[in-house]
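Please read the briefing below alongside the sequence and the model.

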Amino acid sequence: MELWTLGRRYYPGFLLTLSTMPEEALKQDEEENRGYRIVLIQEGVGIVQVGEYLYQIVAPAVYCLNENESLVLVGGNQVKAKALRFLPTVVNARILSIPESTEGASLFQSDFQDAWYFDPFVERQENYYGCIPVDPAVAIHIAQMVDEIDENLSLQPDQHWPCRSRSFLMELLFLIRRIHLSADTTPNKLPNTSEISQIKPIIEYLHTHYHEKIKLETLTSLFHINSTTMNKHFRKATGLSIISYLNTIRMQMASSMLRNTLLPTTEIMGKVGIADDAHFIRNFRKYAGCTPAEFRNQHCWMMKE
């Protein structure tokens, strides 16, 4: 896979430091020459590893990664993704050399505005590691812009293909930056992988099979470990029992569907592996502090529109 895009008919030999990435590339991140990356997880469930930590996938979401970060799809069910990589200098060649202050340097005023695009890629806090959940409608728009970039880079239809591709990237960066300003939720970090080597496969299994009927006997059989030892290691690493952890995953996914779809609650129950409505309502109230219906009325953007 070529790292960047090379001009062919128009501007032969010209190197544009912008390219789209095939979905397979997300399963094994390179150690060098990553560049900045935008990864859109459109749908699916599972686990993604960012650096040394594991996170639950809550689709749709955008991941904004700088050149020092890695992202790998560890495991999942029907995960669909699009991605592109670029260097900040493809937007503005002076990005890396602007001063710390614009005082007395009007030349750099617009450069500071361009640098504003990249805050989601470099700002890191305890509750933000580059992942920004987005509405399904926004995810569709982002996917369309990535497709437009891919088409221009692949076909290079006329002499404007470099600037046209860059313009789509700038639109995309602007949209992501605006979403980042208002985002208030991000998927929780799973336990540190260095502390859970014995139960990591179990955690991955729970995150990718939560929609199925899961019993402790199933896990002990699959992972060849007795239930006492399994529960002991699991509680020590996560602070929760296996059943409590599984319920949390299910409620997280249910809350995402309630926020972002108009699916009947009974169908959502089935998608998260719960058959009894009283059990579902009881667990959801414990998780969110309200019933599923109340949660949807408060948070579902589709109902508001």
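The side chains of Arg-164 and Asp-158 form a salt bridge, with N and O 3.0 Å apart; a salt bridge here is a side-chain nitrogen of Lys or Arg within 4 Å of a carboxyl oxygen of Asp or Glu. The model is a predicted one, in which local features need pLDDT of at least 70 and side-chain atom pairs count only at pLDDT 80 or more, while totals for chains, interfaces and linings use all residues. Residues are numbered from 1 along each chain as its sequence is written, and side-chain values use heavy atoms, with hydrogens and water left out.

**Salt bridges**

- By the rule above, the count comes to 4 salt bridges.
- Arg-164 is partly exposed because its relative accessibility is 26%; buried means under 20% relative accessible area, exposed over 50%, and partly exposed in between (1.4 Å probe, protein chains only).
- Another salt bridge joins Glu-69 to Arg-124, whose closest N and O atoms are 2.8 Å apart.
- Glu-69 lies in the loop between β6 and β7 (71–86) and Arg-124 in the loop between α2 (119–122) and β8 (131–133), so this pair ties together parts 55 residues apart in sequence.
- Glu-69 is buried at a relative accessible area of 15%, whereas Arg-124 is partly exposed at 28%.
- Lys-82 and Asp-147 also meet through their side chains in a salt bridge (2.9 Å, N to O).
- Because Lys-82 lies in strand β7 and Asp-147 in helix α3 (residues 136–155), the pair links parts that are 65 residues apart in sequence.
- Lys-82 is partly exposed at 23% relative accessibility, and Asp-147 is partly exposed at 36%.

- Helices (H or I, at least four residues) and strands (E, at least two) are DSSP runs, numbered from the N terminus.
- Strand β4 (residues 36–50) is largely enclosed by the rest of the structure, because 13 of its 15 residues are buried.
- β4 pairs with strand β6 (residues 61–65) in the antiparallel sense over 5 bridges; two strands pair if DSSP finds at least two bridges between them.
- Ile-41 stands opposite Ala-61 in β6.
- β4 also runs antiparallel to strand β5 (residues 53–56), to which 4 bridges join it.
- Ile-47 stands opposite Gln-56 in β5.
- The hairpin of β4 and β5 has 2 residues between the strands, and Gly-51 in this hairpin takes a positive phi near 65°.

**Ala-139 in helix α3**

- Ala-139 lies in helix α3 and is buried, with a relative accessible area of 7%.
- Apart from neighbours within four places in sequence, Ala-139 is in contact (heavy atoms within 4.5 Å) with Leu-40, Pro-60 and Val-134.
- Ala-139 and Pro-60 are 79 residues apart along the chain, yet their C-alpha atoms are separated by 6.3 Å.

**Confidence**

- The protein averages a pLDDT of 82, and 83% of the residues score at least 70; pLDDT is the predictor's confidence in each residue, from 0 to 100.
- Among the elements, strand β1 (residues 5–6) has the highest mean pLDDT (95) and helix α1 (residues 109–115) the lowest (58).
- Over residues 101–110 pLDDT stays under 50, and the model has 9 contacts beyond four places in sequence for them.
- Where pLDDT is low, the predicted coordinates should not be read in detail.
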